[in-house]
Amino acid sequence: MTTDAAGGAAKRGRRKPRSFPTIVASLAVFAVVLVLLGARVAAGHDPVLGAVHIRASRPEIVRRIVRKVIVETTVASHARDKGGTTVSSSPVTSVRSSGVEPARAPVTRSS
Amino acid sequence: MSEYDVTFPCMGCEFRLLLGDPLEPGLAPAHEAAARARRWLEACDARLSRFRDDSELVALNSDPAPVVSARPLLINAVAAARWAAEYTGGLVDSTLMGAIEAAGYRESLAGADPLPLREALPSAPIRCAAGPHPAAAWRGIRVDRAAGTIARPAGVRVDSGGVVKGLAADLVARLFAGYERFAVDAAGDLAIGGARAAGNPYEVEVEHPLTGEHVHAVPVSSGGIATSGLNSRMWRRADGTVAHHLLDPSTGEPAWTGLLMVTALGINALEAETLAKWALLSGPDGAARVLARHGGLTVRDDGDVELHGPMRSRRSVYLSRVAA
C-alpha cells in the first residue's frame with residue numbers, strides 16, 4: 001500500500017512541458033548548429049565535399065627548349081671548267097648553333 | 001655563345017664560315033655578314049681562277065705586255081705569291097704554271113675523286129727534299145700598288161693557287177674582327193680571331209691523310225692554321241706514273257719528300273699556308289726547322305705523326321697578331 005501512495009504523489013509532481021520554451025530552445029539549437037556549419041563551409045571545410053587539402057603553392061617550372069634549326073639548300077648552279085665538263089657543286093649548309101649544342105670543331109686537312 | 005655556321009663550295013673545295021654575334025653597334029648580324037663574305041669569296045674565286053677564261057688571272061697571264069694594270073685583288077694575290085717565294089727561298093714558287101700543266105693538272109679537279117694515297121705510294125719515286133728553281137723567275141715579278149700595275153718577265157705566268165686560299169681567309173677575317181669570335185675555313189686553311197676568342201679558343205682538329213681520323217686538336221684563338229698535303233689532288237698520268245699538285249721547283253715534277261702532309265701555325269692563314277707547303281717540300285728534317293717557330297705537325301709516308309715547336313705542348317696556343 002505504501003508503494004501505491006508514493007506513486008500517486010510522483011504522478012502528481014509531473015507537469016506537462018509547455019510548448020513555447022520547447023520551440024525556442026529548438027530554434028536556438030538549430031541556429032547554433034547552422035552558424036557553426038556555415039562557418040566551416042566558409043572556411044573551405046565543406047562536410048559534403050569531404051576533407052580538402054590545400055596544397056602549398058609551388059614555383060612555376062619554366063622549361064626552355066633550345067631548338068637547332070638547320071636550313072639546307074642545294075645550289076643548282078654548276079661550275080664549268082676549261083675542258084667544258086660540268087661538275088656539280090656540293091650543297092650549301094647553314095646552321096645556327098647554340099651554346100647548348102656548339103658547332104662542330106673546325107678541321108684542317110689537305111687542300 | 002651562339003654561332004652562325006655555313007658551309008659552301010668555293011675554289012673547287014669546301015669552305016666554311018663560323019661567326020659569333022657582333023660586339024660593336026652597326027655591325028650586321030652574323031648571318032648577313034657571313035652571306036656577304038661568301039659572295040665576296042665566290043667573286044674572288046671567279047676573278048683569280050686559272051680555270052676560268054674570263055678571270056683576271058687568265059687575262060694577266062695571256063697579256064703580252066711586260067707591265068699590266070690590275071685591280072687591287074689581283075695585285076694582292078700576285079704580291080702574296082711573290083712574298084711566299086721570297087719567304088721560302090723559292091720553294092713555294094708560283095711561276096710553275098707550265099710544269100703543273102705538263103704534270104697533268106690542266107683542268108679543275110673540283111668534284112673529282114683523287115687517286116687514293118695508299119695506291120699511289122708504292123709506285124712513287126725515291127724520296128728527297130725539293131729545291132728552288134735555279135732561274136728563280138719569281139724574282140722578276142714586280143708589284144706596284146700605287147700605280148696599280150704588275151710587271152713580270154716575258155713568258156712567266158703566275159699561278160696564285162698556292163696562296164689564294166690563305167689570302168682570302170685573311171681578308172675575310174678583317175671583316176669579322178668586330179665579332180665575338182670567328183673561323184674562316186678556306187678548305188683547310190683557317191684564319192681565326194674575334195674579340196672574345198682568347199677566352200674561348202677553337203679546338204682545330206687535324207685530319208690524317210691516310211685514315212681520315214682526327215689525330216690532333218690544336219687550340220687556336222688568333223692567327224692562322226693550314227694544312228698542305230699530297231692526297232687532295234692526286235692522279236695517274238697516261239704513262240701510269242702518279243702525280244700530284246705540289247711540285248719540286250728544281251725539277252718541275254711532283255715532290256716526293258717523305259712527308260704526306262704538314263699542318264702549320266702562323267700569324268695569319270697566308271703565313272700558315274706558306275709554312276705548310278715550305279715544310280712539306282723540305283722533307284722530314286727540313287720541316288722540323290721550318291715549323292720550329294710557330295709549331296706544326298707532320299705526317300710521314302708510313303703514317304707516323306710528329307709534333308713540332310709550340311704544338312708539342314698541349315697548352316693553348318695564343319698567337320698574337322703581328323704586322324707582317
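In what sense do strand E6 (residues 182-186) of chain B and E7(B) pair, and over how many bridges?

Modeller: Happy to! Please keep in mind that this is a predicted model. E6(B) and E7(B) pair in the antiparallel sense, and five bridges hold the pairing. One bridge to look for joins B:Phe182 to its partner in E7(B), B:Gly193.

Now to E7(B) itself, which spans residues 189-193. This strand is mostly covered, with five of its five residues buried. B:Asp189, B:Ala191 and B:Gly193 point one way, B:Leu190 and B:Ile192 point the other way, and all are buried. E7(B) is also joined by three bridges to strand E10 (residues 223-229) of chain B, and this pair runs antiparallel. There, B:Ile192 stands opposite B:Gly223 of E10(B).

What packs here? Take helix H6 (residues 164-175) of chain B, whose buried residues pack against E6, E7 and E10 of chain B, and also against H1, H3 and helix H7 (269-290) of chain B. H6(B) has twelve residues and reaches 17 Å from its first C-alpha to its last, close to the 16 Å expected at 1.5 Å a residue. Nine of the twelve residues are buried, so H6(B) is largely enclosed by the rest of the structure. Those buried residues include B:Val164, B:Leu167, B:Val172 and several alanines, B:Ala168, B:Ala169 and B:Ala173. B:Lys165 and B:Asp170 are also among the buried residues of H6(B), as is B:Gly166.

Two of the helices that H6(B) packs against, H1 and H3 of chain B, also meet each other. The axes of H1(B), residues 30-48, and H3(B), residues 72-87, come within 11 Å and cross at roughly 70°. Angles of 65 to 115 degrees count as roughly perpendicular, and H1(B) and H3(B) are therefore roughly perpendicular to each other. On the H1(B) side the contact is made by B:Cys44, B:Arg47 and B:Leu48, and on the H3(B) side by B:Leu73, B:Leu74 and B:Ala77. By class, that contact has five nonpolar residues, one charged residue and no polar ones.

In total, 43 residues of chain B are in contact with 24 residues of chain A. E6, E7 and E10 of chain B are among the elements that give two or more residues to the side touching chain A, as are strand E1 (3-10) and strand E8 (202-207) of chain B. E1(B) gives the most to that side, with seven residues. The residues of this side of chain B divide into 19 nonpolar, twelve polar and twelve charged. Strand pairing crosses between the chains as well: strand E5 (residues 107-108) of chain A and E8(B) pair in the parallel sense over two bridges. The bridge partner of A:Thr108 in E8(B) is B:Val206.

As for chain A, its secondary structure comes to two helices and five strands, running α-α-β-β-β-β-β from the N terminus on. Buried residues make up 5% of its 111 residues. Among contacts in chain A between residues at least 6 apart in sequence, 23% join residues at least 24 apart.

Conventions. Residues are numbered from 1 along each chain as its sequence is written. Chains are lettered from A and ligands numbered from 1 in the order in which they are written. This is a predicted model: local features need pLDDT of at least 70, side-chain atom pairs count only at pLDDT 80 or more; totals for chains, interfaces and linings use all residues. Axes are lines fitted to C-alpha atoms, for helices over the stretch in contact, and angles run from 0 to 180 degrees between N-to-C directions. Helices (H or I, at least four residues) and strands (E, at least two) are DSSP runs, numbered from the N terminus. Angles under 35 degrees count as roughly parallel, over 145 as roughly antiparallel, 65 to 115 as roughly perpendicular and the rest as oblique. Two residues are in contact if their C-beta atoms, placed from the backbone, lie within 7 Å. Ala, Val, Leu, Ile, Met, Phe, Trp, Tyr, Cys and Pro count as nonpolar, Asp, Glu, Lys and Arg as charged, and the others, Gly among them, as polar. A residue is buried if 20 or more other C-beta atoms lie within 10 Å of its own, exposed if 12 or fewer, and partly exposed in between; C-beta atoms are placed from the backbone. Two strands pair if DSSP finds at least two bridges between them. The expected span of a helix is 1.5 Å times one less than its number of residues.
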